[in-house]
Amino acid sequence: MTQGSELVIRVADLKKHYGDVRAVDGVTFEVARGEVFGMLGPNGAGKTTTIEVLEGLRPPDSGTVEVLGLDVLRHPQSIKQRIGVQLQSVSLYPRLTVTELLDLFGSFFNHHVPTKQLIDAVDLGERAHAWAMNLSGGQQQRLSIALALVNDPELVFLDEPTTGLDPQARRSLWDLIRGLQDKGTSVMLTTHYMEEATELCNRVAIMDHGHILEMGAVSDLIGRRFRERAVFFDSNPKLPMELLARLGGVSRAAQEEGQTVLYSNDVPGTVGALLATADEVSVEPRNLGIRQATLEDVFLDLTGRALRD
Ligand SMILES: Nc1ncnc2c1ncn2[C@@H]1O[C@H](COP(=O)(O)OP(=O)(O)OP(=O)(O)O)[C@@H](O)[C@H]1O
Ligand SMILES: [Mg+2]
């Protein structure tokens with residue numbers, strides 16, 4: 001985040017406990033205008049609780065919570081006009097149509113986007129006159145996002161927007177979220193999916209047991225822990241390990257299931273040296289590839305557990 005950029009979210013030492021459950025236990029983060037910020041964490045991490053405090057739906061026990069420069073506890077109504085909220089679980093009026101629901105929600109706001117434009121944005125044109133109860137799961141999800149956009153918000157909260165969607169519907173929602181960012185809308189989303197966080201988010205907070213464990217750009221989070229990348233190819237007797245281990249940038253060479261893996265902190269240097277060496281003995285490394293650590297590896301390294309079981 002650039003210093004001095006305008007903040008749309010400022011949270012400091014936020015706490016929210018339910019009896020003995022420390023759902024959110026001292027969380028601090030900021031989101032700048034125009035950012036897509038993701039909270040990634042397993043079930044029960046405290047993501048929904050955090051987001052609902054920000055939306056003004058739950059009072060915090062303690063801490064500072066500002067949205068669009070305003071204190072959430074003191075200015076809930078003016079904030080609500082300017083944010084969009086997609087809840088993790090919604091029950092829509094089952095016998096209103098897509099069009100009726102969007103018209104109705106639009107009427108709650110001083111300023112709202114034409115219903116047709118919203119329907120097109122989430123690709124529900126063919127279902128415009130269907131009852132909410134007759135939409136598929138993915139269509140309901142898209143409707144709930146359209147409802148979050150009725151007031152053309154400056155900041156949109158999306159709680160697991162793509163959970164339960166098929167890969168195609170997920171990608172079309174990713175496009176929608178990118179489109180929001182292109183027009184300057186700030187987005188805070190939660191997700192269990194590391195690919196989603198990697199694809200969409202400028203910055204990510206990894207949350208577990210009410211705490212933020214790490215925060216930053218995905219590439220930084222990975223780079224902080226995993227400096228090396230792996231260059232791999234099908235093993236070939238003409239390329240012995242002793243030789244490969246001495247190539248530029250290589251810190252370690254290993255054999256794994258018929259593949260040779262070179263751990264390198266200088267991938268271009270290593271690949272260049274490998275191709276030159278292979279050329280000298282007239283072989284071409286087959287199925288050559290480069291593998292990088294992922295957010296999943298970061299989470300595993302932080303917690304000793306997989307993100308999803
Ligand atoms: N209204 C409530 N009353 C009591 N406990 C609650 C309440 N809401 C949430 N919790 C507890 O707080 C913790 C955090 O829940 P939260 O819903 O914020 O997690 P989450 O990260 O959104 O999880 P998920 O990925 O499953 O949506 C959990 O242990 C949950 O059981
Ligand atoms: Mg949740």
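**Group meeting: a walk through strands and helices**

Okay, let's start at one spot: Leu-40 sits opposite Ile-206 in strand β9. Before going on, this is a predicted model, where local features need pLDDT of at least 70, side-chain atom pairs count only at pLDDT 80 or more, and totals for chains, interfaces and linings use all residues. Residues are numbered from 1 along each chain as its sequence is written, and chains are lettered from A and ligands numbered from 1 in the order in which they are written.

So, the strand with Leu-40. When I say helix or strand, I mean DSSP runs, H or I of at least four residues for helices and E of at least two for strands, numbered from the N terminus.

Who are its neighbours? β3 runs parallel to β8 (residues 186-191), with 5 bridges joining them, and Met-39 has Thr-190 as its bridge partner there. β3 also pairs in the parallel sense with β9 (residues 203-208), over 4 bridges. For two strands to pair, DSSP has to find at least two bridges between them.

Next, an open sheet. Four strands go in the order β2-β1-β4-β5, with antiparallel pairing. β2 (21-32) and β5 (70-71) are at the edges with a single partner strand each, so one side of each has no neighbour in the sheet. β1 (residues 7-18) is joined to β2 by 8 bridges, and Val-11 stands opposite Phe-29 in β2.

Now some helices. α3 (residues 98-107) packs with α5 (residues 137-148) at about 25°, with axes 10 Å apart. Those axes are lines fitted to C-alpha atoms over the stretch in contact, and angles run from 0 to 180 degrees between N-to-C directions. The two helices are therefore roughly parallel, the word for angles under 35 degrees.

Which residues of α3 and α5 meet? Val-98, Leu-101, Leu-102 and Phe-105 in α3 meet Leu-143, Ala-146 and Leu-147 in α5. By class, that contact has 7 nonpolar residues, no polar and no charged. Nonpolar covers Ala, Val, Leu, Ile, Met, Phe, Trp, Tyr, Cys and Pro; charged covers Asp, Glu, Lys and Arg; the others, Gly among them, are polar.

Zooming out, the protein has 11 helices and 14 strands, and 37% of its 309 residues count as buried.

Definitions and conventions:
Parallel < 35°, antiparallel > 145°, perpendicular 65-115°, else oblique. Contact = placed C-beta atoms within 7 Å. Buried ≥ 20, exposed ≤ 12 C-beta atoms within 10 Å, placed from the backbone.
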